[in-house]
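User: I'm new to this one. Can you walk me through how its helices sit together?

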Amino acid sequence: MSLADWVSNGWLVAHKSSKQEIGNLLGIVARDLKDSEAKDVSDDWRFAIAYNAALQAATAALAAAGYRASRESHHYRVIHSLELTVRKDAKFIRAFDAFRKKRNVSNYDIGGGISQREVEEMIAIARTLQEEVQQWIRANHATLL
């Protein structure tokens, strides 16, 4: 399946990105990665911040490719689009998507369910995406950096 197929399914819409938009998204990634290292906030909140960093990196890749996710299942689509943008493997996407579900529970249902190890894993996912998305944009859409 391609990103164009996703548009046909209504999961994505065509989007013309700009250097400013990509810069803004990557700026959020950098800010959130820094903030996720804070030691004076809960592990739940650090996890959510790192999750947002990773999500914004994936959003930057999708925008650079010329798309944005539709509102329905937005986070899910952005995460799974990584297979078609930066070519992340199924194992990486499954881990990121599992953390999407964990973040939803932590944010909306039950506080205190995030471990230090999970925070570190989420930060690692976000750092990996930060680096790989920037490299991918540089290689494939250099005018946007």
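Predicted model: local features only at pLDDT ≥ 70, side-chain atom pairs only at ≥ 80, totals over all residues.

User: ok, at what angle do α3 and α6 cross?

Analyst: Roughly 20°, and the axes of α3 (residues 43–64) and α6 (residues 116–140) come within 8 Å. Axes are lines fitted to C-alpha atoms, for helices over the stretch in contact, and angles run from 0 to 180 degrees between N-to-C directions. That makes α3 roughly parallel to α6 (angles under 35 degrees count as roughly parallel, over 145 as roughly antiparallel).

User: which residues of α3 and α6 meet?

Analyst: On the α3 side they include F47, A50, Y51 and A57, and on the α6 side they include M122, I123, L129 and W136. Contact means heavy atoms within 4.5 Å. The residues of this α3 contact with α6 divide into 18 nonpolar, 2 polar and 3 charged (Ala, Val, Leu, Ile, Met, Phe, Trp, Tyr, Cys and Pro count as nonpolar, Asp, Glu, Lys and Arg as charged, and the others, Gly among them, as polar).

User: is α3 mostly covered or uncovered?

Analyst: Mostly covered, with 19 of its 22 residues buried. Buried means under 20% relative accessible area, exposed over 50%, partly exposed in between (1.4 Å probe, protein chains only).

User: and how does α2 pack on α6?

Analyst: Helix α2 (residues 19–35) packs with α6 at an angle of about 155°, with the axes 10 Å apart. That makes α2 roughly antiparallel to α6.

User: what meets what between α2 and α6?

Analyst: I22, L26, V29, A30 and L33 in α2 meet a set in α6 including I123, A126, R127 and I137. By class, the contact of α2 with α6 has 9 nonpolar, 2 polar and 1 charged residues.

User: what about R87, buried or exposed?

Analyst: R87 is exposed, with a relative accessible area of 62%. R87 also has a positive phi, about 65°, and lies in the loop between α4 and α5 (90–108).

Definitions and conventions. Residues numbered from 1 in each chain as written. Heavy atoms only, no water. Helix = DSSP H or I, 4+ residues; strand = E, 2+ residues; numbered from the N terminus. Parallel < 35°, antiparallel > 145°, perpendicular 65-115°, else oblique.
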